[in-house]
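Here's a quick briefing to read alongside the model. Have the viewer open and follow along.

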Amino acid sequence: MIYNNVFISYSWDNDKHTDWVKKLADRLEEIYEINVKFDQYDLDSFVDKDFFMEKSVFETELILPVITTGYVNKANRRHGGVGIETALMTSRHWEEYTKSGASNIVPILREGDIVPNYLKGKFYIDFRNDEGFESSFQSLLNHINGQSKVSRPAKKYSINAMPSIQEFT
């Protein structure tokens, strides 16, 4: 399954971080099959920011929270825009999890080594090292493409009819 509609949630920690998140969004948006919901593209004084956040959380296929220490603090305390998005994402996370045992929220670890409380049971994609950006980005694309797991081998024989093993020396 390809996740075409992606929402990026992040904390406005500082200009450097905001620029990095835009770089990530730009790289994703350049791909024909991916549409990115991102405040820097979609939000201005004419748009209701709360409605934007609600639609982004519930009407996209995949959510990518960019995790920093600031993000974790705001998420766990439900503070600011991150707090609103976290309240919405928590609801979505548990609804999806109870139905299928998984949720379409993939944490992007940008800083530190902790994630918001409701995401502690999930793996993350590690973007903490800028030198490894391309490798991490490829891992993210594999998740978006539904190729984040290794395929199981095809079944070849039965336990009741094991093939004979011959050693060649």
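T18 touches Y10, W12 and Q40, leaving aside residues up to four places away in sequence (contact means heavy atoms within 4.5 Å). This is a predicted model, where local features need pLDDT of at least 70 and side-chain atom pairs count only at pLDDT 80 or more, while totals for chains, interfaces and linings use all residues. Residues are numbered from 1 along each chain as its sequence is written, and side-chain values use heavy atoms, with hydrogens and water left out.

**T18**
- T18 sits in helix α1 (residues 15-29); helices (H or I, at least four residues) and strands (E, at least two) are DSSP runs, numbered from the N terminus.
- With a relative accessible area of 17%, T18 is buried (buried is under 20% relative accessible area, exposed over 50%, partly exposed in between, using a 1.4 Å probe and protein chains only).

**Helix α3**
- F52, M53, S56 and V57 are the buried ones to look at in α3.
- They share the same side of α3, because they cover an arc of only 125° around the axis (the arc is that of the directions from the helix axis to the C-beta atoms).
- The cover over the buried residues of α3 includes β1, β2 (35-37), α2 (39-42), β3 (62-67) and α5.
- At the start of α3, D48 brings a side-chain oxygen to within 2.9 Å of the backbone nitrogen of D50.

**Second largest pocket**
- The second largest pocket holds about 320 Å³ of space. On a 1 Å grid over the protein atoms alone, a pocket is an open set of points where a 1.4 Å probe fits, with protein on both sides within 12 Å along at least five of seven lines, and lining residues have an atom within 4 Å of a point. Grid points are joined across faces, edges and corners, and the volume is the space filled by probe spheres set on them.
- Of its 17 lining residues, W12, D39, M53, G81 and V82 are closest to the centre of the second largest pocket.
- β1 (5-9), α3 (49-58) and α5 (80-100) each supply at least two lining residues, and α5 gives the most, with four.

**R78**
- R78 has a positive phi of about 55° although it isn't a glycine.
- Most residues other than glycine have a negative phi.
- You'll find R78 in the loop between α4 (69-77) and α5, and at 40% relative accessibility it counts as partly exposed.

**Q138**
- Q138 belongs to helix α6 (residues 133-144) and is partly exposed, with a relative accessible area of 41%.

Note on methods. Polar contact = N/O pair within 3.5 Å; in protein donor to acceptor, adjacent residues only side chain to side chain.
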